Amino acid sequence: MSNRLRALAFGLVGATAMAGPAFAVDLEITCRCVIGGVNSGTAEWIQNSVIPAFEAANPDINVTLNQFGGEDAQLTQQLALDFSTGAGPDVTAFDGFLIPSFVEGGLLKPLNEVAGPEVDDWSGWAALSEGSRALMLYEDQYYGIPVGTDVRMLYTRKDMLTEAGIDAETWQPTSWADILDAARAIKKVKPDSFPIQLNAGVAMGEATTMQGYWLALLGTGESVLDADGKWIVGSQGILDTLNLYKTIYVDEQLGDARAQLLADGRNRSFANFRDGVTALLFEGDYFYRSVTPEGSEFAVPDRDKVMGWVKIPAEEPGKGIRGQDFVTISGGTGYVLNPATDAPKEAWAFLSFMNEPAQLDAFQAIQPRITARTDVAIPNSPFLTQTSQELLPITTARPNDPDYNAVSAEIQRMTESVVSGELSPEDAMAQYRDAVIRIVGEENTVSLL
Amino acid sequence: MASVEFRHVTKTFGSFNAVSDVSFAIGDGEFVCLLGPSGCGKTTSLRMIAGLETPSHGQVLIGGDDVTNLHPKDRQISMVFQDYALYPHMNLADNIAYPLKVRGEPVQKRHGRAREVADVLKIGHLMDRLPSQISGGQQQRTSLARALVYPSRVYLFDEPLSNLDAKLRLEARGFLNHLQRDMGMTAVYVTHDQAEAMALATRIAVMDQGRIVQYAPPIEIYRRPATTFVANFVGNPPMNLVPVEATHGDGQLQLKADGLTLSPLPMSSGIAAALANSKSLTLGIRPEHLAIAEPGTGNAISGTLFANENMGPESLVTIERPDASRLTARIFTDDHIALTDAVTLGFSPEHIHLFDSTGARIPADREQPL
Amino acid sequence: MKLTFPAFAGRIAFSALAALLGAIFALPLIWFIFAPFNARAELGITVPDPWTLSNFMTVFQNNFAMQALWNSLIQSIGGVILVGAAATLAAYALSRSSIPGKGAVTYILLLFSSVVSGSAAMVPIFLIVSAMGLIDSHLAVILTFAGGLLPTAMFILRDFIDSIPKSYEESAMVAGASPVQAFFDVALPVIRPGIVVVVVWAFVNIWGSFLIPFILLRSDKLMPASVAIYSFYSEAGTPTVTLLAAYSLIYSLPVIILYLFVSWKFGFRFFGGIKA
Amino acid sequence: MTAEPTTPVPKPARRFALLSNRAGAVFLTPAGLLVALFVIIPFFWVIFVSFTNRTLLGRTALNPEFVGLANYFALFDPSNFFQRGQFGFSLILTTQFVLASALIGQALLGLLLAWLIQTVPPWIKRLTETFVIAAWILPEVVIGFAWFAFLDRDQGTLNAMLTSVGLPRGDFLLQQPFWVIVVFNTWRGAAFSMMLFNSAFSSIPPSYFQAADVAGASSWQKFKDIALPLIRGHVVTDLILITMWTFNTFTPFLLTNGGPSYRTELLSIYNYRVAFRDFEFGKGAAVGVIIMLVNLAFALIYLTIGRKKRV
């Protein structure tokens, strides 16, 4: 697609000549993945496995991988601008929660509308679990093929816990107080440390909502939306969550407030964990899969011994969402087709090819993850097997709502104003309420206070 | 060479009349100077001949052809600009040869011709220099060479000597005079320097406020200035002008002013006509026609000594009259006499000029041929 | 001339103050003198030991970054040619023709150019370029910059041309040149210094800009160096200091060279436009 | 002059000009098209878009509605006008930023530099000028990174200097972000004022200062009594130009990203965030219109003064 002018010129000739097989088709695929960098496994898989195999099977198609190294939000920005201008890659990795707002904006089209009826005939749909298919589903239309889902947990540095006199192997907090107590104990032993990392602030973007605020909020028994799909803009749960932030970052400095505020804060928080400054870090399995493996920038030395994980407790036992003791949340990513692709058939062929069991197995060999397809096994990864078994049953899914993206930004702002000490939790919540009402309208909000 | 003619030419810029209904003709081979103070319309007139301005009304003819709306390039004329307009990026050879270049002459030929002209003007050895590398006098000659390098019907000069220092200016003036004698070119020459005009012109058009006040050969301009304006503009120092009250009787005219003694003059029809209008006239005497006189001499004017400037061969003696007006006399230093506070300047009646209350010259009944 | 003691002391104080201010201005830049040549550079200033060109070698091997420098060059030179040519023609017309209302045109141009800033017009420019189908092309960047820089360029050049005597072209025409000949033979060479200033100014502007290409370009292959420099941020945003420093230095070189060229050739002074 | 019987003019006289009107029009066309397309049309388009609720994502991307002044009312909503991350906060922040970094910082520093380098030895003048101008002409991304490194809390040059003289480290980007961008912009832009004032000073005939020297004036007196009054016009020009540039500058974004907590979110950065991160084109256009109104006010002042001087 970047060769748009050439493509246009081709279009004139192509109208008559397209029937012949003489023309090679160029495809581009983008992911937030860089070989040797972020999501290196994904990049290696596409570059070294999917593309060679696909090109071998389809000699007339050349596929190029664009390795995007920036932030999630930057990729979103790029894709939004790309799709709105008819530019962009033919196939791209895509976060499921963005589908509604892109679809409503006319920037994404259902797969079968882009590539034709063969989409519906694809054998792979049947192999996808209903839950994972929902990740890429909006208003009964498929917009992409999900790759997998994830779960969130609390990562621990066993060495630091041990140092603070806690039995790291058996430690499983059952309330927020347990976590805070452990943090205080660590802080006492290592005054320079910032034991807890619970994402906050604007700079971290969606990672603040999904890996921070929401995890805590679920522990108060609430979610962002109520059962009727109304946005909760005032509640004790929100206040409790914001007070938790205040305790961690403002009152007791159990967390590194700078890392929440600075533009490169998320990296700083990873570095803190790597360097033994942070002992308790809320993240998804992504942190294990992609951030800390050997050889990556934030590799934790001697990871198998040093790093552990525990389930995220509710505020108090039984107080979590649906009365749960422990909570977690899942998002999901997949791959979508550019609605303006010049070669929809070929693009679909590539997209479905990479989601066949053969390729997904190759991916698992490079980097095991929780898969979407039931017919692809997770090989030999005790971590993923264990986490998915324990956490998937209690997980919560992100809502599919076109306004979610905008509300999520307000959540990030709300946490930032508390963490920076600028506003009290009450004032921050009031500000959040006004902002959400402006986005979705007062009739779509509810206050539980 | 060709003639030039203006027919009722008017040029307005916005609401300002630069040239108002001017008509005159320049004969083939004539060297005409347009003389006047700045803003009198002389440069505008010249630029209309060149085609660099278009008349608002009227016609301009060159060689009998109406060229009013003709582009400058099609008029077959040459022009020397006040600032020389030498192209800073071309050496002298290219500058001089530029008119030949636009005429499509081959390089060899045009450089050869440029060299010939340059040699005549004594700048032939500078052909490789840039304009910024030569002196002002050389620049002036270069621009002249560029005007002379190609055949032309009329040569136009826009104050070409005004940027030279006094000595160079005299030299260049002499050269131009020589050239005119040599070539017999038709030339229109704009200047505000009356001496230049006197020295070069076959005819001078004195301009004031967009009109031609007098158009005549230099000697006539000098001897019979048509108005006080011309009288004041031509001559160095300018003519002394003294306001006088006139009475007349018995065919005799009596002029009165403070410190003036003047024997009665014969009446003429011109004077009678002027006096019918107003009794206030202006008496004009050129400085060179005044001389130091004994007090009480016949025709004289007296005042207190104001300044005495020795110029070498001659001196300028300025006196101040009771009404604070001043008169200057130009006298030979050899005739110098010790001056006291009170000075009397004598003159001969045949040298006086009379102007009526509007400033127009009162002609004698029968003017002597010049 | 002999200086009195207080005057002498005053001179010293002035010099010291000027040197101090110069040093303060230099401080944030000193890092770029050392870091590019230090294989283990960090954010702090350390004198390289040993001095090495290895950072540059690594940068030269980065195809994307090298391509980006080339892209910067294409966009800058394309923009500069367009700005230079269009501004010269337009400024010449504004100065030398008697088109009715040219005074008003100049006034309006100046007004618009100062009112419509890049940040205010981001949205419509994006939409217009997108509607023209030029998004993600060098041409989009070139045209946008040309449009944005032209008013000021025209204004500077018009002032410059106004200050050149008309007698240059007049003498050419009297000598027989057509208006076109007069323009190319005489006017253009005389205006050249003004054009050079405008061209250098436009080049520096385009070369250094970040926002416009960032918004108008979509594919990596077309990104200029100002955007590509972020490829030296690893993972999600940690700068790879060594390469970034080396690349920054390479990227800054054309601007430095132009500065030296202009200050050698003309002295770094103001031309037209801003004369009061 | 209407009836001039003696001079029948055969055809209406065309006024001669060095460039005919037709050629002039041809000369103006390329520039005219480009400026119209990328300056004038955007100007009107941005006004039009500001009355709609157009977005890039979501329902209003495809079917934007005309919402009248709603975007403007939202910007000036008194309930959150002064909150961080809101329009009012950015507006006030930008005003303070312009006052501190342009009117005080750049202008005064530029004036001081221009005055100083008049009298110092040539090599100091050269060196100082070179660094000041380098700060001005180097690409903004490079400058942004240079300052990022300079101010870094743990390794930055500034903190290294502070600790070496026994002062505590500062976490400047986080603790004093506003003053960071003020100092940054002063540093970045002082060159323009310096050069403008420098050329203004050198346009004053040296005899004026020599006369003052003869009369025994001090350097300060010469500055105050001779130089300053003579360059008053330049001062006005300078202040208005740097005000407009500073008001529109986007460069601090490359240093702070507008943060932390929107504390350095100038109007241009706010505009960018609304339009290209939140993708609210309508609201972003409304911000753009207000920016342009402010620019217009300054431009009119400048042109009025400029015109007066030209006459």
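In chain C, the centres of domain 1 and domain 2, taken over C-alpha atoms, are separated by 32 Å. This is a predicted model, in which local features need pLDDT of at least 70, side-chain atom pairs count only at pLDDT 80 or more, and totals for chains, interfaces and linings use all residues. Residues are numbered from 1 along each chain as its sequence is written, while chains are lettered from A and ligands numbered from 1 in the order in which they are written.

## Exercise 1: the domains of chain C

Find the bounds of the domains of chain C, and work out how many residues of domain 1 touch domain 2.

*Solution.* Start with the bounds: domain 1 covers 5-52 and domain 2 covers 61-265; such bounds come from an automatic or database domain assignment. Next, look for contacts (C-beta atoms, placed from the backbone, within 7 Å). In chain C, 8 residues of domain 1 meet 6 residues of domain 2. Finally, sort the domain 1 side by class: 6 nonpolar, 1 polar and 1 charged. Here Ala, Val, Leu, Ile, Met, Phe, Trp, Tyr, Cys and Pro count as nonpolar, Asp, Glu, Lys and Arg as charged, and the others, Gly among them, as polar.

## Exercise 2: chains in contact

Which chains share the most contacts, and which element of chain C gives the most residues to the side that touches chain D?

*Solution.* Among the 5 pairs of chains in contact, C and D share the most contacts. By contrast, chains A and B do not touch, and their nearest C-alpha atoms lie 43 Å apart. Now turn to the C and D pair: 79 residues of chain C are in contact with 83 residues of chain D. Several elements of chain C give two or more residues to this side, including α1 (5-34), α3 (63-96) and α8 (179-208). The most come from α1(C), with 16 residues. Helices (H or I, at least four residues) and strands (E, at least two) are DSSP runs, numbered from the N terminus. By class, the chain C side holds 56 nonpolar, 17 polar and 6 charged residues.

## Exercise 3: the build of chain D

Describe chain D by its helices, its strands and its radius of gyration.

*Solution.* First count the elements: chain D has 14 helices and 0 strands. Along the principal axes, the C-alpha atoms of chain D fill a box of roughly 95 × 75 × 35 Å. Last, check burial: 50% of the 311 residues count as buried. A residue is buried if 20 or more other C-beta atoms lie within 10 Å of its own, exposed if 12 or fewer, and partly exposed in between, with C-beta atoms placed from the backbone.

Definitions and conventions:
Contact = placed C-beta atoms within 7 Å. Rg over C-alpha atoms; globule rule 2.2 N^0.38 Å.
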